[in-house]
Amino acid sequence: MSLRVVDMGNSCVKWAEAGTRGLGEVHRVCHDGDPASLLAHPAWLAAPPSRLVVICVAGEGMARALSRWAETHWGVAPEFPASPSRGWGVVNGYRHHGRLGVDRWAALVAARRRWPGRALCLCDCGTALTVDVMDERGRHLGGAISAGLGTQRRALCAETAAIGGMTSPPVGGGDTPPFADATEAAVGLGTLHALAGSVRHFRAQARRLLGRSPLCLITGGDAPALLPLLGRAYRHSPHLVLEGAALMAVAPP
């Protein structure tokens with residue numbers, strides 16, 4: 001039985017085949033609320049799976065469209081997990097467990113399996129920045145959500161007359177200057193450092209809450225842009241959501 005796991009986020013979709021040796025090659029496409037780019041991708045169409053497990057936070061419309069396509073073309077009904085109150089060594093810290101984003105839950109499950117007995121701070125830098133803290137016993141202690149890098153930049157351009165209408169500023173990288181000499185670059189620089197500052201702040205908050213320094217994991221599409229500003233205290237783990245989906249699909253909770 002072949003298993004394909006899918007991370008369907010607000011901006012992009014990632015997927016991979018999952019087996020006893022872990023994930024295969026990870027593929028990625030962006031979407032604008034329409035799965036057409038995914039469903040036409042050669043890697044998606046190759047070797048239809050017998051199981052399709054989808055971690056979806058992209059909305060019911062995307063989920064329904066994917067379900068119709070998979071059932072029509074492959075005869076496979078996708079599985080859409082939700083966040084439970086506990087499972088796979090993790091205790092959900094939300095008052096209403098189903099309100100914790102299933103992508104965040106999957107990342108917690110994967111992190112718990114890979115680093116058992118470690119206190120963790122997980123930062124997912126995508127359309128939104130989400131931060132989750134888990135103690136060494138697997139108890140999720142809560143989290144935080146703010147606007148991601150692209151969301152900050154689009155909001156700034158939309159809400160300011162002088163900046164609005166400019167082309168999208170660069171994402172950032174290792175040679176980021178301390179200050180910029182053009183408005184586009186200034187927007188890019190300011191939002192990049194604002195997000196990096198948020199990540200550092202929440203790491204410090206997690207350390208105070210736990211009474212010790214947690215292992216800090218960073219994932220999401222904007223993680224590579226942030227890592228040069230964050231230093232060695234952060235470990236890049238780009239596929240935590242897919243890893244968690246694979247674990248949830250095959251291991252009992």
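Predicted model: local features only at pLDDT ≥ 70, side-chain atom pairs only at ≥ 80, totals over all residues.
Local features need pLDDT of at least 70 and side-chain atom pairs pLDDT 80 or more, whereas totals for chains, interfaces and linings use all residues. Residues are numbered from 1 along each chain as its sequence is written, and side-chain values use heavy atoms, without hydrogens or water.

The domain assignment, automatic or from a database, gives domain 1 (3–74) and domain 2 (88–101 + 116–148 + 184–240). Their centres, taken over C-alpha atoms, lie 25 Å apart.

The largest nonpolar core holds 32 residues. A nonpolar core is a set of buried Ala, Val, Leu, Ile, Met, Phe, Trp, Tyr and Cys residues joined through side-chain atoms within 4.5 Å; buried means under 20% relative accessible area (1.4 Å probe, protein chains only). Val 5, Leu 120, Leu 122 and Leu 217 touch the most other members. Elements giving two or more residues include β1 (3–8), β8 (120–125) and α8 (240–250). Helices (H or I, at least four residues) and strands (E, at least two) are DSSP runs, numbered from the N terminus. Beyond four places in sequence, Val 5 is in contact (heavy atoms within 4.5 Å) with residues including Trp 15, Val 53 and Leu 242. A second, separate core of 21 residues includes Cys 123, Cys 216, Ala 223 and Tyr 234.

Arg 153 is found in helix α5 (residues 149–159). Arg 153 is buried but has no salt bridge, defined as a side-chain nitrogen of Lys or Arg within 4 Å of a carboxyl oxygen of Asp or Glu. The nearest side chain of opposite charge, Asp 222, is 6.7 Å away. The Arg 153 side chain instead makes a polar contact with that of Thr 191 (2.6 Å). Such a contact is a pair of N or O atoms within 3.5 Å; within protein, one must be able to donate a hydrogen and the other to accept it, and residues adjacent in sequence count only if both atoms are side-chain atoms.

Notes
Buried < 20%, exposed > 50% of the residue type's maximum accessible area, 1.4 Å probe, protein only. Lys, Arg positive; Asp, Glu negative; His and termini not counted.
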